[in-house]
Amino acid sequence: MTSTPQLEVDADRAGFDPGRLARIDRHLDRYVQDGRLAGWQLLVSRDGRIAHLGHGGMRDLEAGLPVEPDTIWRIFSMTKPITSVAAMMLWEEGLFELKDPIERFLPAFADMRVYAAGSSQKPRTVAATEPIRMWHLLTHTAGLTYGFHYAHPVDTMYRDRGYEWGTPRGLDLAAVCDCYAELPLLFQPGSEWNYSVATDVVGRVVEVLAGQPLDQVLAERVFGPLGMDDTAFWVAGEAADRLAALYVPDPQSGRATRFDRMGQVALSPPDCLLGGGGLVSTAADYHRFTQLLLGRGELGDVRLLGPRTLAFMTQNHLPGGRDLESFGRPLFAETTFEGVGFGLGFSVVDDPVAARFPASRGEFAWGGAASTAFWIDPVERLTVVFMTQLLPSSTYALRAQLHQLVHQAIVD
């Protein structure tokens, strides 16, 4: 399957105003012109047909290499929906229930402790009142965290163990999850929402249930059937020339500055197959994944999920239908918090007015740490895939701006 996307329908026939679509490219090019982004790529589809393609800038500023239609990007947390889909494929086979305690598959997570008070060096903990269950992992309500949050003593404990933007060398996914299990939870399972390593743990459950490493599971069950030939946990061989460089903003100038310390990781097989953030992909590949989701689990003659399973995954599963603002910790995540709930692997828009961006109720989405993003609006039959490589994704309000610019171009 080609990684070079092609226009499939005229913009006006798809319900877009071509002049208004052109605003998107001009806006993103301004980020390139003033040095805030090295390069970018955008794909907009409606009714399953690509109506707008854009790209600009450089995939490698220092080498003078432009963004091409087949450029490969680190998608970081856009890995999470893919891992969640793989898990729910196993759920459809009856291999687990959403209420199952994860200790059934990962014994290290039995008898978890929960942070109550104290410092990262001397925490006081209490026993968990209930086990972590599969739905807790898929909804980020397990009480796990990320070291990069810098908001809680448990975050510090993660960093002290080597978990901030990666994992310690030499540890595979099984060993990493055992380490997570040794650390206290931020809160009692199911009582709050916190963006976390939970999907990494989902990936380990998938390995146990499937009896294969996560990369093999995803290759055989998702990427192969969907023709996602350039999506993997690392870039091999000649394809490495297509990989975009990773950048961070310079603290003084704000200009994109090369960050090879993290960027080079994607060029070799990882010790740990992180289901929460380890993949690289192309816009064309990820577009095929979004079409599977828009197609209610089916793409062409391939069905990975039943339509009712996907509809179930993309409902708000937070208790009481609450949004992230009222149920989540006030931390960074790959979405806004007001009016947005969380399903099984996706953020879900419940109230577009409260969210303060144009969307339909039921839109589901996620993004990645290097400012990549996707969303699917089933009401408008719309999918959007945006790729760039600026870490962290909280640097600019690119996602909100893209929502404005894409939705203002719909005129039917």
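Reply: Arginine 204 has a relative accessibility of 22% and therefore counts as partly exposed, in what is a predicted model. Its salt-bridge partner is glutamate 207, with an N to O distance of 2.9 Å. Glutamate 207 is at 9% relative accessibility, so this residue counts as buried, the limit being under 20%.

Another is formed by arginine 36 and aspartate 34, whose closest N and O atoms are 2.8 Å apart. Arginine 36 has a relative accessible area of 25%, which makes this residue partly exposed. Aspartate 34 is also partly exposed, at 35% relative accessibility.

Aspartate 70 and arginine 242 form a salt bridge as well, at 3.4 Å from N to O. Here the two residues are 172 residues apart and the bridge links distant parts of the chain. Aspartate 70 is in the loop between β3 (65-66) and β4 (73-76), while arginine 242 is in the loop between α7 (214-226) and β7 (247-249). The relative accessible area of aspartate 70 is 23%, so this residue is partly exposed.

Salt bridges also occur as a network, which links Asp60, Glu62, Arg258 and Asp260.

As for the strand pairing, strand β14 (residues 364-367) has Phe364 and Trp366 pointing one way and Ala365 and Gly367 the other way. All of these residues are buried. Strand β13 (residues 347-349) runs antiparallel to β14, and 2 bridges join them. Strand β15 (residues 373-377) is also antiparallel to β14, joined by 4 bridges.

Serine 347 stands opposite alanine 365 in β14, and in β15 the bridge partner of alanine 365 is tryptophan 375. The hairpin of β14 and β15 has 5 residues between the strands, and serine 371 there takes a positive phi near 80°.

Conventions:
Residues are numbered from 1 along each chain as its sequence is written. This is a predicted model: local features need pLDDT of at least 70, side-chain atom pairs count only at pLDDT 80 or more; totals for chains, interfaces and linings use all residues. Side-chain values use heavy atoms; hydrogens and water are left out. A salt bridge is a side-chain nitrogen of Lys or Arg within 4 Å of a carboxyl oxygen of Asp or Glu. Buried means under 20% relative accessible area, exposed over 50%, partly exposed in between (1.4 Å probe, protein chains only). Two strands pair if DSSP finds at least two bridges between them.
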